[in-house]
Amino acid sequence: MGVHQPVAGGAVTIRDLSKSFTLNRASLPVLQGLNLGIRPGESLAVVGPSGCGKTTLLRILAGLERPDRGEVLIDGRPVHGVGTERAIIFQEPRLLPWLTVLGNVAFGLEARGIPRAKAQLQARHYIRLVGLTEFEDAYPTQLSGGMAQRVGIARALTVQPEILLLDEPLGALDAMTRITMQDELARIWREQQVTMILVTHDLEEAIFLADRVLVMPREKGTVPRLIDIDLPRPRDRSESRFVAMRRRLMAEFGLH
Ligand SMILES: Nc1ncnc2c1ncn2[C@@H]1O[C@H](COP(=O)(O)OP(=O)(O)OP(=O)(O)O)[C@@H](O)[C@H]1O
Ligand SMILES: [Mg+2]
């Protein structure tokens with residue numbers, strides 16, 4: 001029934017991407033000539049100070065926002081608007097309150113014309129993957145924040161995207177739930193072989209999950225830096241190389 005089919009695509013090419021907004025009649029440059037290639041199945045974290053353009057970049061990749069200049073290619077094809085090979089997960093899960101967990105996760109498939117029984121079968125697979133089988137008949141108000149966020153992740157995965165775009169998906173969670181969810185995301189990423197682009201404020205989260213970290217600069221016009229996280233997986237947050245990597249990333253922001 002095709003829920004386990006391996007994902008072949010998911011390469012992202014960002015070419016000379018620029019975007020400005022108008023603020024008080026002045027032009028505010030947010031992205032300036034960004035170039036980046038992301039391999040199929042790669043995990044890229046995007047970090048940087050508030051307002052540096054992380055969400056803007058993710059919205060352009062999702063096709064929700066148009067760049068002023070440059071382009072995004074998915075497997076060589078230019079992005080024009082949203083597409084079924086990409087799924088975005090926002091900071092708040094944005095569930096439909098009148099649908100159960102199962103209804104919410106199956107919703108995207110049903111909206112694409114897949115018959116309910118088949119949509120629910122596929123949805124149940126991903127509900128199991130995020131560990132919520134016992135809660136498939138619960139409504140969003142009956143869930144904790146971490147559970148709701150897991151429903152959001154299951155909903156995004158159910159449509160089998162090649163590329164998963166995550167904007168601070170764990171930002172609203174307490175520290176302990178957050179660590180559990182990072183473990184979950186690492187496992188899901190490995191099992192589903194999706195390309196993952198994760199915006200986060202949390203440097204440890206970036207090191208834990210990413211193959212490379214894109215460090216967006218505070219100063220406009222400064223070139224973003226890419227840092228390889230060449231640590232073996234599964235990663236250990238207390239291991240000396242992990243700690244050294246965190247120190248290095250903090251130094252990128254002038255923190256010690
Ligand atoms: N629709 C918009 N209209 C005008 N300005 C905008 C718009 N969207 C974003 N901006 C501006 O673009 C800049 C980058 O915003 P963006 O949301 O991408 O930042 P961010 O890196 O995601 O920040 P945060 O970490 O706080 O979420 C900000 O200065 C913001 O004010
Ligand atoms: Mg943001």
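**Cores and salt bridges: a short tour**

Hi everyone, let's start at Leu164: leaving out residues up to four places away in sequence, Leu164 touches Ala87, Ile89, Ala156, Leu157, Val194, Thr195, Met196 and Ile197, where contact means heavy atoms within 4.5 Å. Please keep in mind that this is a predicted model, where local features need pLDDT of at least 70 and side-chain atom pairs count only at pLDDT 80 or more, while totals for chains, interfaces and linings use all residues. Side-chain values use heavy atoms, with hydrogens and water left out, residues are numbered from 1 along each chain as its sequence is written, and chains are lettered from A and ligands numbered from 1 in the order in which they are written.

Now, the cores. By nonpolar core I mean a set of buried Ala, Val, Leu, Ile, Met, Phe, Trp, Tyr and Cys residues joined through side-chain atoms within 4.5 Å. Buried is under 20% relative accessible area, exposed is over 50%, and partly exposed is in between, with a 1.4 Å probe and protein chains only. The largest nonpolar core has 53 residues, and Ile153, Leu164 and Val213 touch the most other members. Helix H4, residues 145-158, supplies the largest share of this core, seven residues; helices here are DSSP runs of H or I, at least four residues, and strands are runs of E, at least two, numbered from the N terminus. At least three residues come from each of domain 1 (1-78 + 163-171 + 194-256) and domain 2 (86-160), with bounds from an automatic or database domain assignment. Apart from this core lies another, of 25 residues, including Leu17, Val46, Val199 and Leu214.

On to the charges. How many salt bridges does the structure hold? There are 20, each a side-chain nitrogen of Lys or Arg within 4 Å of a carboxyl oxygen of Asp or Glu.

Take Glu136 and Arg124, whose closest N and O atoms are 3.0 Å apart. Glu136 sits in the loop between helix H3 (116-129) and H4, and Arg124 in helix H3, so this pair ties together parts twelve residues apart in sequence. Glu136 counts as buried at 14% relative accessibility, whereas Arg124 is partly exposed at 32%.

Next, Arg237 and Glu204 meet in a salt bridge at 3.9 Å, N to O. Arg237 is in the loop between strand S10 (225-228) and helix H7 (240-252), and Glu204 is in helix H6 (residues 203-209), 33 residues apart. Arg237 is buried, at 18% relative accessibility.

Finally, a network of salt bridges links Lys19, Arg59, Glu65 and Asp68. Within it, Glu65 and Arg59 have their closest N and O atoms 3.2 Å apart, and Arg59 is partly exposed at 30%. Thanks, everyone!
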